[in-house]
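Subject: Structure handover and notes

Hello,

Here is the structure for your files.

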Amino acid sequence: EHGEQVSVLAGLPGRLKEAVGDHVLSKFIRASGITQPTWHNAMAGRSVPSLKSLEAMAKVLGVDLAWLITGKGDALVEDPDVLQVNTRLLSKRTKQ
């Protein structure tokens, strides 16, 4: 069971990178309230963020928490609050 947990979490960096895509990471960092080192360590696979941090990351990225953690299910969330945050972030990115 422990080995399965490790392999699931091993995919976390790739899912974070997939969710961020070609957008500016700093926008997601600011919107999530999670520290930059936490984001960078998670994306590099150096550490696994707390559940609270993963929830905040999933929300600003507009992805399902279960997908972010496990890679299973649909990645995108239909939650209007999540989409609103994501849309705001992306619109600010395009104005730069």
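**Ground rules**

This is a predicted model, so local features need pLDDT of at least 70 and side-chain atom pairs count only at pLDDT 80 or more, while totals for chains, interfaces and linings use all residues. Residues are numbered from 1 along each chain as its sequence is written, and side-chain values use heavy atoms, with hydrogens and water left out.

**Overall**

The protein has seven helices and zero strands. Helices (H or I, at least four residues) and strands (E, at least two) are DSSP runs, numbered from the N terminus. Along the sequence the pattern reads α-α-α-α-α-α-α. The protein has 96 residues, and 34% of them count as buried. Buried means under 20% relative accessible area, exposed means over 50%, and partly exposed is in between (1.4 Å probe, protein chains only). Take the contacts between residues at least 6 apart in sequence: 49% of them join residues at least 24 apart. Contact means heavy atoms within 4.5 Å.

**Helix H4**

H4 spans residues 36-44. Its buried residues are Trp39, Ala42 and Met43. They cover an arc of only 95 degrees around the axis, which puts them on the same side of H4. The arc is that of the directions from the helix axis to the C-beta atoms. As background, an α-helix has 3.6 residues a turn, so residues three or four places apart point the same way.

What do the buried residues of H4 pack against? They pack against helix H2 (12-20), helix H3 (25-32) and helix H5 (51-61). Glycine 45 follows H4, and its phi is positive, near 80 degrees.

In H2, Leu12, Pro13, Arg15, Leu16, Ala19 and Val20 are buried. Seen down the axis of H2, these residues fall within an arc of 165 degrees, so they line one face of the helix.

The axes of H2 and H4 come within 7 Å and cross at roughly 115 degrees. Axes are lines fitted to C-alpha atoms, for helices over the stretch in contact, and angles run from 0 to 180 degrees between N-to-C directions. On the H2 side, the contact uses Pro13, Leu16, Lys17 and Val20. On the H4 side, it uses Trp39, Ala42, Met43 and Ala44. By class, that contact has seven nonpolar, no polar and one charged residues. Ala, Val, Leu, Ile, Met, Phe, Trp, Tyr, Cys and Pro count as nonpolar, Asp, Glu, Lys and Arg as charged, and the others, Gly among them, as polar.

H3 and H4 pack at an angle of about 125 degrees, with their axes 10 Å apart. That makes H3 oblique to H4. Angles under 35 degrees count as roughly parallel, over 145 as roughly antiparallel, 65 to 115 as roughly perpendicular and the rest as oblique. Leu25, Phe28, Ile29 and Ser32 in H3 meet Gln36, Trp39, His40 and Met43 in H4. This contact has five nonpolar, three polar and no charged residues.

The axes of H3 and H5 come within 9 Å and cross at roughly 125 degrees. H3 and H5 are therefore oblique to each other. From H3, Phe28, Ala31 and Ser32 meet Ala56, Val60 and Leu61 of H5. Here the residues divide into five nonpolar, one polar and no charged.

In H5, the buried residues are Ser53, Leu54, Ala56, Met57, Ala58, Val60 and Leu61. Glycine 62 follows H5 with a positive phi, near 75 degrees.

- Histidine 40 lies in helix H4. At 33% relative accessibility, histidine 40 is partly exposed. Not counting residues up to four places away in sequence, histidine 40 touches Leu25, Ile29 and Arg46. The C-alpha atoms of histidine 40 and leucine 25 are separated by 9.6 Å, and the two are 15 residues apart along the chain.
- Alanine 44 is also in helix H4. Its relative accessibility is 42%, so alanine 44 counts as partly exposed. Alanine 44 and glycine 14 are 30 residues apart in sequence and 8.8 Å apart in space, C-alpha to C-alpha.
- Serine 53 is in helix H5. Is serine 53 buried or exposed? Serine 53 is buried, with a relative accessible area of 13%. Leaving aside neighbours within four places in sequence, serine 53 is in contact with Ile34 and Thr38.

Best wishes
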